[in-house]
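Biologist: I have a model open and would like to learn how to read it. Where do we begin?

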Amino acid sequence: MTIAIVDYGMGNLFSIYNALDYVRASPKMVKEPAALQGFQGIVVPGVGAFGQCMARLSLFQEALSRARQDGVPIFGICVGLQVLFEESEESPGARGLGWIKGKVVKLPDSVMIPQMGWNGLSIKKHVEMLDGIEEGDMFYFVHSYYGQPADGSVLVATVEHGVTVTAAVASGNVFATQFHPEKSGARGLHILENFVRSVKC
Amino acid sequence: MLARRVIPCLDCDLQVPGGRVVKGIEFQQIRYAGVPWELAGKYYQDGADEIVFLDITASHERRETMTEVIKRTSRSVFVPLAVGGGISSLEQAREVFNAGADKITLNTSALNRPELISEIASHYGNQAVVLAIDAKRRYALEAGREVVQTESGPCWFECSYYGGRRFTGVDALAWAKKAVSLGAGEILLTSMDRDGTYDGFDIPLTDAVSRSVKVPVIASGGCASPDHMLEVFQKTQASAALAASIFHFGEWNVRDVKDYLKKRGVVVRI
């Protein structure tokens, strides 16, 4: 079973590649939208600014939408979560994928920005992707903006950082984390294993 | 709420094939501690929140050895990896990021050319640029220095570079603020007075720097026991505490240190 890592030229994908390889997922970097077809699972990573990410990811928009409609499990990480929303305060005017209604907003000035470090999850909804993960388990975050879903039912987990911050969302076959599972030790690898299992089924 | 981080540091001598981890005392004597990726793997398994690699030999030929060390480590270690020592251009930073590093630390090269901070931050983000400051207490007060009260009287802190061999005349507190304004996303703050002494962190230094910048500060230098980590977390806003010798020579396991901190009310990842 093979999992595509969408390589749209935004930053360091070695970590996610190594982590998927470690959980025996045979990841492949995919640079061309046409090449996305046929994969059983898709990871959408993301670093940098929302607008820059969307400018490059928009090439993949059609291919990703088709995969989503075909029920292919899709996993967004960090800015890969934020691009699921409609827009972001970080890049006014740039359109996100819009799969989740709502916008991405900046963390409040009263806290350390970016939020950088390990924070404990408050689990809002049980989903298979979080099988084996418990309330308070810590994951590694690095971000300055966070998604605010219009419909709270997509919220899977949050963390506290001055405000309540979206840590994970799920909608149908799409799951995404604001934290980096590939940098979150054994528990992060466990979530990636859950993803690999959802791909196999 | 963010956890306080416990970070083992690997000082790497890359003059031997594959490199080796060593530990200096007060920036001088050297003691052999182990193979870099093996130690990194052990610390990861023991619960390290992040791992810092510092190339203490820092020269061009040896950078390849460091990228090999990082490549090997990043295949099986899944916490953030920071790499420093001798990185003096965006191109050199790219080599290290491409090997699997999440952050690079800059000291000498940033003091020589502060714009390097902005150049790397604009490509890789502020979170990827850690400014390392090696600070030494100066009790002879001068006009224009940021003075800090300590148990030994008022002092200012001078930045050192070239691995502690030369001094800059630069005020550490002023430099920390300037570096953050240029895009440094984190400060690795080493007390030269405490490094290798086993006397505990320099609390007044750590407190002063962590209150004067909004980015996370990693306290470093002098840690010999979990009690020293407890002290720095209770008395300052440091986000992380870094130690080398106490982990290298089997005195303390990372997990035991974190259990110790947690029992005493510090928020850590267990």
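Modeller: Keep in mind that this model is predicted. Begin with one pair of residues. In S13(A), A:Thr177 is the bridge partner of A:Ala168.

Biologist: Which way do strand S12 and strand S13 of chain A run, and how many bridges join them?

Modeller: They run antiparallel, and 4 bridges join them. S12 covers residues 163-171 of chain A, and S13 covers residues 174-177.

Biologist: What is the order of the strands in the open sheet of chain A?

Modeller: Read it as S2-S1-S3-S4-S13-S12-S11-S8. That is 8 strands, with mixed pairing.

Biologist: Which strands stand at the edges?

Modeller: Strand S2 (27-30) and strand S8 (122-123) of chain A do. Each has a single partner strand, so one side of each lacks a neighbour in the sheet. Helix H1 (residues 14-22) of chain A packs on this sheet. H1 touches S1, S2, S3 and S4 of chain A, and its direction makes about 150° with that of S2(A).

Biologist: How do I read two packed helices?

Modeller: Two packed helices are described by the angle between their axes and the distance between the axes. Take helix H3 (residues 90-98) and helix H5 (residues 115-124) of chain B: the angle is about 40° and the axes are 10 Å apart. That angle makes H3(B) oblique to H5(B). The crossing is right-handed.

Biologist: Which residues make the contact of H3(B) with H5(B)?

Modeller: H3(B) gives B:Leu90, B:Ala93 and B:Phe97. H5(B) gives B:Glu119, B:Ile120, B:His123 and B:Tyr124. By class, there are 5 nonpolar, 1 polar and 1 charged residues.

Biologist: How many residues of chain B are in contact with chain A?

Modeller: 22 residues of chain B contact 25 residues of chain A. The chain B side divides into 8 nonpolar, 7 polar and 7 charged residues.

Terms used:
Residues are numbered from 1 along each chain as its sequence is written. Chains are lettered from A and ligands numbered from 1 in the order in which they are written. This is a predicted model: local features need pLDDT of at least 70, side-chain atom pairs count only at pLDDT 80 or more; totals for chains, interfaces and linings use all residues. Two residues are in contact if their C-beta atoms, placed from the backbone, lie within 7 Å. Ala, Val, Leu, Ile, Met, Phe, Trp, Tyr, Cys and Pro count as nonpolar, Asp, Glu, Lys and Arg as charged, and the others, Gly among them, as polar. Two strands pair if DSSP finds at least two bridges between them. Helices (H or I, at least four residues) and strands (E, at least two) are DSSP runs, numbered from the N terminus. Axes are lines fitted to C-alpha atoms, for helices over the stretch in contact, and angles run from 0 to 180 degrees between N-to-C directions. Angles under 35 degrees count as roughly parallel, over 145 as roughly antiparallel, 65 to 115 as roughly perpendicular and the rest as oblique. A crossing is left-handed if the near helix is turned anticlockwise from the far one by less than a right angle, and right-handed if clockwise.
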